[in-house]
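Biologist: Could you walk me through this model, starting with how its pieces pack together?

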Amino acid sequence: MSNSKDFSDTSASRYSLALYELADEIDQIKEIENNSMAFLKLISESAEFNSLIKDPTNKQNEISIVISSIGKKYNLNALFTKFLNFLVSKRRFFFMEKILRGFVDLCSKKRGEIKAQLLSAKKLDENEINNIKKELEENLKSKIKLDYLYDESLIGGLVMKVGSTMVDTSIKNKLQQIEKGMIEA
């Protein structure tokens, strides 16, 4: 593992914690968490915005102008906007996605939620996802933060990750196991 990766992970977690502490101080954690999730969604859905973040040739003042205009247009929390501009000024905007994910995870952890991920080969509706979440919460006797992803490459079945435990009932996994068995034989 390289030192730069270590630095970015450590740095990102410190910035995430700093944002959490600032938000907690002014009792606006939920609002800033919502802003963070909206920004993460924007990053994943907009190639143009993703390019703005990742392109080192963009000037700090240009990025700050974009952040300020987004903040005004979507009525973002003032602390959140200031924090993003702070990341720009410290040349840490490149790590914004990692910092915001860390912040959202920290918020979830502070609420006592267990992080779970559900992958399915067929698209599940909101009711099915909520039923799975409810059943997990009852079985684990804990609040669950469930991230759902549709992945047609699974061919059929589900993959469930809860903490460090993974259950893979996908057809793709079964085919890979058969293939591995044939190669070893």
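Modeller: H5 (residues 78–89) and H6 (residues 96–110) pack with their axes 11 Å apart, at an angle of about 140°. Helices here are DSSP runs of H or I with at least four residues, strands are E runs of at least two, and both are numbered from the N terminus. Axes are lines fitted to C-alpha atoms, for helices over the stretch in contact, with angles from 0 to 180 degrees between N-to-C directions.

Biologist: How is H5 described relative to H6?

Modeller: Angles under 35 degrees count as roughly parallel, over 145 as roughly antiparallel, 65 to 115 as roughly perpendicular, and the rest as oblique. With an angle of about 140°, H5 is therefore oblique to H6.

Biologist: Which residues of H6 make the contact with H5?

Modeller: Contact means heavy atoms within 4.5 Å. On the H5 side you have Phe80, Phe83, Leu84 and Leu87, and they meet H6 through Met96, Ile99 and Leu100.

Biologist: How many residues of that contact of H5 with H6 are nonpolar?

Modeller: Ala, Val, Leu, Ile, Met, Phe, Trp, Tyr, Cys and Pro count as nonpolar, Asp, Glu, Lys and Arg as charged, and the others, Gly among them, as polar. The contact of H5 with H6 has no polar and no charged residues, and the nonpolar ones number 7.

Biologist: Before we go on, what are the ground rules?

Modeller: This is a predicted model, where local features need pLDDT of at least 70 and side-chain atom pairs count only at pLDDT 80 or more, while totals for chains, interfaces and linings use all residues. Residues are numbered from 1 along each chain as its sequence is written, and side-chain values use heavy atoms, leaving out hydrogens and water.

Biologist: How does H4 lie against H5?

Modeller: H4 (residues 60–73) packs on H5 with axes 10 Å apart and an angle of about 170°. That makes the two helices roughly antiparallel.

Biologist: Is Asn75 buried or exposed?

Modeller: Asn75 is found in the loop between H4 and H5, and has a positive phi of about 55° although it is not a glycine. Buried means under 20% relative accessible area, exposed over 50%, and partly exposed in between, using a 1.4 Å probe and protein chains only. At 66%, Asn75 is exposed.

Biologist: Where is Arg91?

Modeller: Arg91 has a positive phi of about 55° without being a glycine. At 65% relative accessibility, Arg91 counts as exposed. Its place is in the loop between H5 and H6.

Biologist: Which strands stand at the edges of the sheet?

Modeller: The sheet is open, with 4 strands in the order S2-S1-S3-S4 and mixed pairing. Two strands pair if DSSP finds at least two bridges between them. The edge strands each have a single partner strand, so one side of each lacks a neighbour in the sheet: they are S2 (143–150) and S4 (165–168).

Biologist: What is the bridge partner of Val159 in S4?

Modeller: S3 (residues 158–162) and S4 pair in the antiparallel sense over 4 bridges. Lys161 stands opposite Met166 in S4. For Val159, the partner in S4 is Asp168.
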